[in-house]
Amino acid sequence: MIRRSARTALATAACGAVLAGGLAACGTVQQLNAADKVSKAFETFGSGKSFSAKLSVDATAAQIEAFGAATGEEIDKDSAAALAAVSLSIAFSADKPLKDIQPTKGSGSGNGAPTAADPSVSASYTLTGKGGAPLAELRQVGGKAYARGDLAGFAKLVGQNAAEVEGLAEGLPAPLGNALKGQWVSFDAKAPEGAGGTGGAAATPKPTLDPKAAENLNASLKDILTRDLSFEEKGKQDGKDRITVTAPARKLTDDLLKAVEPLAKDIPNLAKLPKSAPAKVPDRPLALDLYLDGGALSAVTFDLAQLEEKAGGTPLPLRIAFGHDTPAVQAPAGATELSSEDIGGLFGQLAAAGGAGGAGGAAGAAAPLTDAQIKELTRDGAMTEEQVRLYNSLGLGYQDIKDLADLKA
């Protein structure tokens, strides 16, 4: 249930951002006061030098258990407590407004190298548990990455014996083992030199979108959002302006699928999309609640009970809280630097532990990929050839990389 809820949370977050965010450029909704406020709220995104968002389930463990009982999917006590406590936070900061950040081309020319994030942008990703204790953290500052985790803390969160899982860190190089016990490690955020391929093969170019097609898509999305979304002001709640955005779920999904269908020939991943809304998409209106503080978006909530007919009146709200002009992301002090051999050994041991795809044994070597396997793994555009070869060099076999590509797609 935790895994399913996490997937639903991410999907809901993405939908909320796309649906409401599209209004920022949609002039035809300005006639509506509530829509006007939402449009202006999203225009503030990127105007500052920093930004943060936090995703969590806005319910107690007891409420989560009650939701499981109402929907016929029993959620045990430990899982409910974990889901109520866990949250995922992201943060970005730079020395200039985020909207002014431009992607930079990777090194080399004419080889289809993917774009890279501006190195002046710092980022952090944090998974926290009970009381806000960090369970896993990843930061990227000045071209260097930093990471740490709390394996024992995660075990306690899900009701397992911490002593039993701490042994997983044994046998790893000391810095890696310590990283799983909460100590920071650092490594170069760039791919190791020479890992981009062998035999001089060029990286697979990323799909490009014709400017005219992009313009048509933008116009279609504006029309859909204007036609399908409705807005209603609900007054103040905890000092924030509350606005409910409602849309007919199945109709909106059908309209969006039709809008992107013409682009399938240019973007391979779009070919995987269905031609119409899947049966699991409810044929009824769904609503998001937006909370504005001083005109800026401070939170979005979505009740998962809307997706479950059996839930009745038992709510299970997801919440995304936004922060503007938050403290800049900083590099942690005292991090131990990892060598490329340390990182390769970790990937190799993880791949071997998974027992899939031909990853090697304790040495961490994986069977080299054939040209046919590389072509298959890059066919849908979820991964570049550079990425595939890098994962293979770090000990991941064909099936391991395919599973990662499927997740990305």
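Guide: Of the 409 residues in the protein chain, 36% are buried, in what is a predicted model. The secondary structure of the chain comes to 13 helices and 14 strands. Among contacts between residues at least 6 apart in sequence, 64% join residues at least 24 apart.

Let us turn to the sheet. Twelve strands form an open sheet of mixed pairing, and their order is β9-β10-β11-β12-β13-β1-β2-β5-β6-β7-β8-β14. At its edges lie β9 (230-237) and β14 (336-337), each of which pairs on one side only. Helix α2, residues 33-43, packs on this sheet and touches β9, β10 (240-248), β11 (285-293) and β12 (296-303). The direction of α2 makes about 80° with that of β9. Helix α9, formed by residues 249-260, also packs on the sheet. Its contacts there are with β10 and β11, and its direction makes about 75° with that of β10.

Strand β1 (residues 50-57) pairs with strand β2 (residues 87-93) in the antiparallel sense, over seven bridges. Within this pair, Lys 54 stands opposite Ser 89 in β2. Further along the order, strand β7 (residues 144-149) and strand β8 (residues 185-188) run antiparallel and are joined by four bridges; here Ala 145 stands opposite Phe 187 in β8. Strand β8 is also joined to β14, by two bridges, and these two strands run parallel. In that pairing, Ser 186 stands opposite Glu 337 in β14.

Strand β1 leads us to one further helix, α3. The buried residues of α3 (residues 61-71) are Ile 64, Phe 67, Gly 68 and Thr 71. Seen down the axis of α3, these residues fall within an arc of 100°, so they line one face of the helix. Strand β1 and helix α4 (77-85) are included in what covers them. The face of α3 turned away from this buried side carries Ala 62 and Ala 69, which are exposed. After α3 comes Gly 72, whose phi is positive, near 80°.

Methods
Residues are numbered from 1 along each chain as its sequence is written. This is a predicted model: local features need pLDDT of at least 70, side-chain atom pairs count only at pLDDT 80 or more; totals for chains, interfaces and linings use all residues. Side-chain values use heavy atoms; hydrogens and water are left out. Two strands pair if DSSP finds at least two bridges between them. Contact means heavy atoms within 4.5 Å. Axes are lines fitted to C-alpha atoms, for helices over the stretch in contact, and angles run from 0 to 180 degrees between N-to-C directions. Buried means under 20% relative accessible area, exposed over 50%, partly exposed in between (1.4 Å probe, protein chains only). The arc is that of the directions from the helix axis to the C-beta atoms.
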